[in-house]
Amino acid sequence: MQKLLNKITCGDCIKILDKARKPFADLIFADPPFNIGYKYDKYNDKVKCKNYIAWTQDWMAACKKVLKPHGSFYIAIGDEYAANVKIIADELGLFMRNWIIWHYTFGQQMKKKFARSHTHIFYFVNDKNNFTFNDLAVRVPSDRQLIYNDRRANPVGKMPDDVWHEYSRVCGTFKERTGWHPCQMPESLLKRIISASSDPGDCVLDPFCGSGTTAAAAYQLARNYVGLEISQEYVENARKRLSRLKKQQPANLFLNSTELNELKRLLSDIRKPAKQITEDKKLLELLANQFALRMNNHKRYSTAEIAAALKDITD
Ligand SMILES: C[S@@+](CC[C@H](N)C(=O)[O-])C[C@H]1O[C@@H](n2cnc3c(N)ncnc32)[C@H](O)[C@@H]1O
C-alpha cells in the first residue's frame, strides 16, 4: 500500500486492490465508465449489460475490502446502472447516507428526448454509527442569511441539499479542462466530498482516476491520495497535472495555500461573483464568517484580508 501512496499508478484497479493486505482508505470516490459508449483510449465502454454488472460487483467488492471500518465510499453513476449499484452496495453491507443528484448545466443536447443533465452520486459508509462527516466544512450561507436578513437564521449556515446545482460539467472552454480526457469531473465537486468525508492526512482512493481530479482535489486539501487508472496515457498526463499543481506557489499576503484553496471552494459553493461579494459589506462579512467556520483553526480573518484574497484568486 505504501508504494501506492500519493501516486497515480497504472493498472487494473481490481487486480491492484486485491493485493492489499489490509484496509487503507478512509474515503473512496469512484467514477467508473458508465457503459454508454464513451470514447476512452483503452477501455471499451460498451460491453454486454450482464458483463458490466458482474464487473461492477467485482470492483465494488475490491474497494469495500480496502475501505477502513469508519470509511466512506462515494460512487458516481449514470441512470442506466444506478439501481444495480444500489443493490450491489446493499449486498456488500454498505449503508447509504445519501443518494445525491449532481445536476449540471451544459447537458448533452437531444432531439427526441429531454437533455440529460444529471449524474447519480451515492454516498455509502461502512459503519452507520461511526464515520467522518465534517458538517462545518461544507455548510453554506442560507437564504435567510443572504437574502432575508432573518434573525432566525442559523449563524453557521445551512447544509447543502442532496441535489447539487453548484457545479457545472467541465466543458471544452473551461480553464480547468485538461483537454485529453473525455469525462473530467470538476475539482470543486470532489472538494465538497473530500472536505465532508475525510480529515487532513487521511487517505483518499480513486480506483478510476482518469484525468486525476480526485488526486488534485485531495492534494489541495492536504489529504493523501491513491489514484489507479488503466490507461498509461491518462496516467502520464494526470501525473503531469499533479506535478504542475505541486509547483504552484500561494500568491497572497494573508492566506496560505490551504486557506486560498478553501476560499476558492467556498466561492464556488456560494455561486456569487467575487466582485459582488467585495462590494457588499454584509455579504463579505457572511463569507468571512463562513470561511472561518470552514477553516476551524481559531484564527481570525478580517474582511479586508478576505477581500484581498478574493481579488488574488479571481484576477
Ligand atoms: C469516468 S472516467 C473517470 C474520470 C475521472 N473521474 C476524472 O475526473 O477525470 C473512468 C476511467 O476509468 C478508467 N478505467 C476503466 N477500467 C479501469 C480499471 N479496470 N482499472 C482502472 N481504471 C479503469 C478509464 O480509462 C477512465 O479513464
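**Ligand site and helix packing**

1. The side chain of glutamate 229 has an N or O atom 2.6 Å from an oxygen atom of the ligand, a polar contact (a pair of N or O atoms within 3.5 Å). Of the 610 Å² of accessible area that the ligand has on its own, the protein covers 99% (Shrake-Rupley method, 1.4 Å probe).

2. The model is predicted: local features need pLDDT of at least 70 and side-chain atom pairs pLDDT 80 or more, whereas totals for chains, interfaces and linings use all residues. Residues are numbered from 1 along each chain as its sequence is written, and side-chain values use heavy atoms, without hydrogens and water.

3. The ligand is surrounded by 22 residues (a heavy atom within 4 Å). The closest are Asp31, Met185, Ser211, Thr213 and Glu229. By class, the shell has 13 nonpolar, six polar and three charged residues.

4. Helix α2 (residues 49-66) and helix α3 (residues 79-92) have axes that come within 10 Å and cross at roughly 40°.

5. For helix α6 (residues 213-220) and helix α7 (residues 232-247), the axes come within 10 Å and cross at roughly 20°. α6 is therefore roughly parallel to α7.

Methods:
Polar contact = N/O pair within 3.5 Å; in protein donor to acceptor, adjacent residues only side chain to side chain. Nonpolar A, V, L, I, M, F, W, Y, C, P; charged D, E, K, R; others polar. Axes fitted to C-alpha atoms, helices over the stretch in contact; angles between N-to-C directions. Helix = DSSP H or I, 4+ residues; strand = E, 2+ residues; numbered from the N terminus. Parallel < 35°, antiparallel > 145°, perpendicular 65-115°, else oblique.
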